[in-house]
Amino acid sequence: MQFHHHGYVSGDPRVQPAAGTGVDRPAELPDEVDVLIVGSGPAGMIAAAQLAQFPHIVTRVVERRPGRLEVGQADGIQARSVETFQAFGFAGRITEEAYRITEMCFWAPDPDNPENIVRTSRAPDDATGVSEFPHLIVNQARVLDYFAEAARNAPARLEPDYGYEFVTCEVVDEGQYPVTVTLRRSTGPNEGEQRIVRARYVVGCDGARSRVRESIGRELVGDQANHAWGVMDVLAETDFPDIRTKCAIQSHDGGSILHIPREGNHLFRMYVDLGEVAEVDHGKVRETTQAEVEARANRILHPYTLTVKHVAWRSVYEVGHRLADKFDDVPAELVGTRTPRVFITGDACHTHSAKAGQGMNVSIQDGWNIAWKLGHVLDGRAPESLLDTYSAERQVIAQNLIDFDREWSSMMAAKPEELGEPGALADFYVKTAEFPAGLMTQYQPSLITCAATHQELATGFPVGKRFKSHPVTRVCDANPVHLGHHHRADGRWRIYVFADRPQAGQPSRAWDFAEWIAGSPQSPLAYTPDDADVDAWFDVKVIYQQDYAAVDLASVPRAYLPKVGPYGVVDYEKVYAADTTDDIFDARGIDRDGALVVVRPDHYVAHVLPLESTDELALFFAGIFGAKGHTPDVSTTAKAGGKDDTHFVSARTMS
């Protein structure tokens, strides 16, 4: 964590100085806003936390509840989400209070006595090391609390406006605030009173029965529910030996249980199989009593017993897999000709079972994806066409999730003999670990993600996938750190310069690149406002192949040691060296002649390039940033063979 560059900080460094709309933030909901977020669930609160980093954007969150969520239904936190929490500054704290899943036990009928269950195998939760972050269980309400804290401590001082229910909205694509939103007071002395708010953009994070989705004419299409489960968070007395371990339990004829220990010890959750749902059921299965669920659980667990002492929360739900045809208000045939104004996220645009623990996790990524893009557009960094990439990227991910969940939930509901080979469920769990961890997402080429033309230069950073961190040594203080953990959710792009290792007396590509990015008019840094720090929009870091002791900071180009803040102090934390015992160049397949890895504000790799391909880098960022302001003359770069001939260094960086 960095602070003090604007002066001495004696209080909580997580509380950033208020700025823009965060200074004297109006207590009452304004009549006009830039972004109106509907719903304070996972997607809504991460969107709020991200947009709160853009203090000149008027963002408000409306929520029909009178206050914070107290009991959340979702509890599984995949590694990608914890990685995201790191970017928002609370991964360590939430991990301390969560239950950590390290393995999963599989139970099946005893071949010699089928009415009894026996443990058949144990599977490590992350057998291949897909992430350094853990798989956690923690109440959804606590996740929302942490995002709310991040939004409240950010420059915009963003907090939800509770007690407002969304009624409808109308888009008239003209004027400064083209979306007219009708809200209704849902609590308090003015309950039932309606009011109008006009917005530039609306983000619907209001769940499976989304009124925002209805207002833009989108529908959830897909399979009707055909299988029911009773779910309960309970304190109980039991002799089942794996009560504090995640388990998949299959009985001979009583169905199955997905068992998940909860945080804080003692409490656990069980998804209890209630069987197939008849087409003529018409929701009757939802009337299944707690006593019936407990009786079914005891039948599945035999010869073990379960006596429930306290029920913290329970529900009965039916599995259905549905997907909206598009995640914004622009018809497919009008994409590129009309700006999307209303977006839907999370359960508002995709529904599935809870077995794979994906609902909250995918919603979080939906919210982050649209939020940083809205921030870029409204902050004047990027054209409105950037917003077209939200639905294009996230709809594919939602479909992949539904396909995976359909297979996993079907296997969970199947009888052991229907699965074929013994251990088929455990094998599937291990082989597909990367998907439920949230790390299979790979965005296709677009305005913000390039084709993998130079992928061989950094095979461990696949273009379109999230930047997989690795240990390095910070040169200035010899501290071992994780390179990716310093990528905070501040709206900045990252440019990682993996330096070459020239022979004695030979020029360095990393040095030439430093001169280009610091001073060339074709550099992406040219888009940075003159009154902002040189790294306000682009965070450039260098990683050397040498041991940290062999890197002389006095010889490092000034581009990698920028001066920041009102006092012009040097930021020394952008220079790293490979760990000689766990070399990032080897671990991530980085060419020894060096490489550039460009990473989006949401952690996804956007480009991999040779160090000398400054022309390609300039063209890439010109497509994003150039359309909104000054466009560097990339033809000069191309004529110079990828380098700027002047090699001057900007006064802003060097002074």
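Me: How do you know that strand 23 and strand 24 pair, and in which sense do they run, parallel or antiparallel?

Reply: In this predicted model, strand 23 (residues 493–498) and strand 24 (residues 538–544) are joined over six bridges in the parallel sense.

Me: What makes strand 22 and strand 29 the edges of their sheet?

Reply: The sheet is an open one of seven strands, with mixed pairing and the order 22-21-27-24-23-28-29. Strand 22 (479–482) and strand 29 (605–609) each have a single partner strand, so one side of each is left without a neighbour in the sheet. Neighbouring strands of this sheet are turned against each other by 30° on average, when direction is ignored. Helix 12 (residues 614–624) packs on the sheet and touches strand 23, strand 24, strand 28 (595–599) and strand 29.

Me: Why is helix 8 called roughly antiparallel to helix 9?

Reply: The axes of helix 8 (residues 388–413) and helix 9 (residues 424–431) come within 10 Å and cross at roughly 155°. Angles over 145 degrees count as roughly antiparallel, and the crossing angle therefore makes helix 8 roughly antiparallel to helix 9. The crossing of these two helices is left-handed, and among the residues that meet there are Phe404 and Trp408 in helix 8, with Leu425 and Phe428 in helix 9.

Me: How do you know that strand 12 and strand 18 pair?

Reply: Strand 12 (residues 220–223) and strand 18 (residues 321–324) share four bridges in the antiparallel sense, and since at least two bridges are required, these strands count as paired. Within this pair, leucine 220 stands opposite alanine 324. Strand 18 also pairs in the antiparallel sense with strand 20 (residues 350–351), over two bridges, and there arginine 322 has threonine 351 as its bridge partner.

Me: How many disulfides does the structure hold, and how do you know that cysteine 247 is in none?

Reply: The structure holds zero disulfides. For cysteine 247, the nearest cysteine sulfur, that of cysteine 105, is 5.0 Å away, whereas a disulfide needs the two sulfur atoms within 2.5 Å, so cysteine 247 is in no disulfide.

Me: Why is cysteine 205 called buried?

Reply: Cysteine 205 has a relative accessibility of 11%, and because buried means under 20%, cysteine 205 counts as buried. Cysteine 247, with a relative accessible area of 0%, is buried by that cut-off too.

Technical notes: Residues are numbered from 1 along each chain as its sequence is written. This is a predicted model: local features need pLDDT of at least 70, side-chain atom pairs count only at pLDDT 80 or more; totals for chains, interfaces and linings use all residues. Side-chain values use heavy atoms; hydrogens and water are left out. Buried means under 20% relative accessible area, exposed over 50%, partly exposed in between (1.4 Å probe, protein chains only). Axes are lines fitted to C-alpha atoms, for helices over the stretch in contact, and angles run from 0 to 180 degrees between N-to-C directions. Angles under 35 degrees count as roughly parallel, over 145 as roughly antiparallel, 65 to 115 as roughly perpendicular and the rest as oblique. A crossing is left-handed if the near helix is turned anticlockwise from the far one by less than a right angle, and right-handed if clockwise. Contact means heavy atoms within 4.5 Å.
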